[in-house]
Amino acid sequence: MKSLIVTGGANGLGRSIAQSASDAGYRVGIIDANIDALEDAASSIQNTVPLFASVTSSDEITSALDKFEQVPDIWVNNAGIVRFGPLLELSIDDWRAVVDVNLTGTFICSTIVAQAMAHRGSGSIVNITSINGIAAGTNSGAYGATKSAISLLTQQMSLEWGELGLRVNALAPGLIDGGMSEPIYSDPQFRKLRTEKVPIGRLGTEDDIAQAVLFLGSESASYITGHELVVDGGIINSIIANLPRPSSVDSVGLGEERL
Ligand SMILES: NC(=O)c1ccc[n+]([C@@H]2O[C@H](COP(=O)([O-])OP(=O)(O)OC[C@H]3O[C@@H](n4cnc5c(N)ncnc54)[C@H](O)[C@@H]3O)[C@@H](O)[C@H]2O)c1
C-alpha cells in the first residue's frame with residue numbers, strides 16, 4: 001500500500017493533504033506538535049497514524065518514522081509558522097522560532113527520511129513554500145526568508161539525492177482560504193479586495209493545494225525534480241498589472257506604423 005507522511009497535518013493545509021491522501025488510498029502518517037488537534041484529525045480521517053512530534057527535534061522525528069513502521073513513498077514538509085512584524089521590531093526569539101520550525105524543520109525531516117528512502121532506492125519529498133518566498137510581503141520578513149531558503153534547499157536536495165532515487169520538489173501556495181490565513185479571509189472587506197486581485201477570480205482552497213501536492217509527490221510527476229510549483233491562480237504574476245495606470249497611454253501608438 002502506498003503511504004504518505006505530512007508534517008503539521010493536524011490543521012489547515014496539512015489536514016487537507018492528509019484527507020486527500022487517505023481518499024486516494026494512501027496509508028497516512030500525520031506528524032504534529034499539537035496533541036489535541038492531532039488526535040482529532042487522526043480520528044476523523046480514515047487510515048491515518050497520529051505521530052506526535054515537533055519537526056524541530058531529530059529524535060522525535062526519528063521516533064515518529066519508526067512508529068509509522070514503513071518508509072513513506074511521499075513525505076510532505078508542511079509544518080510552518082509565521083510571526084508578523086516589521087524587521088526593525090521583530091524580536092530575535094520570533095525570528096529564531098520561524099527559522100527553527102520552517103527552515104531547520106524542513107532540513108531535519110528531509111535528511112532523516114531521505115536516508116530511509118535512499119536505502120530503498122525511491123521516494124519523493126514535497127516542501128511547502130509560499131508565494132511570500134518569491135516576492136517580499138507586508139511584515140513577513142522572517143517567514144518569507146525561510147520560504148525562499150526552503151526553495152533553494154529543495155534544489156540542493158534534488159541535486160544531491162537524485163542519484164539515490166529521490167525526487168524533491170517545492171509547492172508555493174498563493175492566497176489560500178484556510179489555515180493560517182483564516183484571520184485575513186474571515187474579514188469580508190479584505191476577502192473581497194484580495195479576491196478581486198486574483199487573475200482567475202477566486203481564492204485558493206486547501207483542496208487546490210492538496211491535489212497539487214499529491215500530483216507532485218506521485219509517480220505522475222516522475223520526471224519532475226528541483227521544481228517549485230506555484231499554485232496561486234496567477235496572483236504572483238499580476239504585480240505589474242495591478243499598478244495604477246492611466247487609460248490614455250493605451251491609445252499611444254495606435255495608427256502608427258510599427259515594424
Ligand atoms: N494558509 C495559507 O494561506 C498558506 C499560504 C502559503 C503557504 N502556506 C504554508 O502552508 C503550510 C501549512 O500552513 P497552514 O496555513 O495550514 O497553517 P496552520 O497554522 O493551519 O497549520 C500548521 C500546522 O503545523 C503544526 N506545527 C507548527 N509547528 C510545528 C512543529 N514544530 N512541529 C510539528 N508541527 C507543527 C501546527 O500545530 C498546525 O497543525 C505552512 O508551511 C505555511 O507556511 C500557507
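User: Does S20 count as buried or exposed, and at what relative accessibility?

Analyst: This is a predicted model, so the answer rests on computed coordinates. S20 is found in helix α1. Because buried means under 20% relative accessible area, S20 counts as buried, at a relative accessibility of 8%.

User: With which side chain does the side chain of S20 make a polar contact?

Analyst: Leaving out residues up to four places away in sequence, S20 touches D207, A210, Q211 and L214. The polar contact of the S20 side chain has a length of 3.4 Å, and its partner is the side chain of D207.

User: Is S158 buried or exposed, and what is its relative accessible area?

Analyst: S158 lies in helix α5, which covers residues 141-161. Not counting residues up to four places away in sequence, S158 touches V168, T225 and G226. With buried defined as under 20%, S158 is buried, and its relative accessible area is 11%.

User: Which residue of β5 is the bridge partner of I74?

Analyst: I74 belongs to strand β4, residues 74-77, where I74 and V76 point one way and W75 and N77 the other way, all of them buried. On one side of the pairing, three bridges join β4 to strand β1 (residues 3-7) in parallel, and L4 stands opposite I74 there. Four bridges also join β4 to strand β5 (residues 123-128), again in parallel, and in β5 the bridge partner of I74 is S124.

User: Which residue of β5 does W75 stand opposite?

Analyst: W75 and N77 point the other way from I74 and V76 in β4. The strand β4 runs parallel to β5 and is joined to β5 by four bridges. Within that pairing, the residue that W75 stands opposite is I125.

User: How many of the six residues of β5 are buried?

Analyst: In β5, G123, I125 and N127 point one way, while S124, V126 and I128 point the other way, and residues of both sets are buried. The strand is therefore largely enclosed by the rest of the structure, the number of buried residues being six of the six.

User: What is the volume of the largest pocket?

Analyst: The largest pocket is lined by 49 residues, of which S130, N132, Y143, M180 and S181 lie nearest its centre. The elements that give two or more residues to this lining are α1 (12-23), β2 (27-32), α5, α6 (182-185) and α7 (188-197). By class, the lining has 25 nonpolar, 20 polar and four charged residues. The space in this largest pocket comes to about 1,400 Å³.

User: How many charged residues are in the lining of the second largest pocket?

Analyst: The second largest pocket has a volume of about 230 Å³. Its lining comprises 14 residues, and the closest to its centre are D73, S124, G217, S218 and E219. When that lining is divided by class, two residues are nonpolar and seven are polar, and the number of charged residues is five.

User: What is the phi of N47, a residue other than glycine?

Analyst: N47 is found in the loop between α2 (35-44) and β3 (48-52). At 40% relative accessibility, N47 counts as partly exposed. Most residues other than glycine have a negative phi. Against that background, N47 has a positive phi, with a value near 60°.

User: Where does N139, with its positive phi, lie?

Analyst: N139 is not a glycine, yet its phi is positive, at about 55°. With a relative accessible area of 37%, N139 is partly exposed. As for its place in the chain, N139 lies in the loop between β5 and α5.

User: What distance separates the C-alpha atoms of G253 and W95?

Analyst: G253 lies in the segment after β7 (228-231). G253 is buried, since its relative accessible area is 15% and buried means under 20%. G253 and W95 are 158 residues apart along the chain, and the separation of their C-alpha atoms is 50 Å.

Definitions and conventions. Residues numbered from 1 in each chain as written. Predicted model: local features only at pLDDT ≥ 70, side-chain atom pairs only at ≥ 80, totals over all residues. Heavy atoms only, no water. Buried < 20%, exposed > 50% of the residue type's maximum accessible area, 1.4 Å probe, protein only. Contact = heavy atoms within 4.5 Å. 1 Å grid on protein atoms, 1.4 Å probe; cavity = no way out; pocket = protein on both sides within 12 Å on 5 of 7 lines; lining within 4 Å. Points joined across faces, edges and corners; volume = space filled by probe spheres on them. Nonpolar A, V, L, I, M, F, W, Y, C, P; charged D, E, K, R; others polar. Polar contact = N/O pair within 3.5 Å; in protein donor to acceptor, adjacent residues only side chain to side chain. Pairing = 2+ DSSP bridges.
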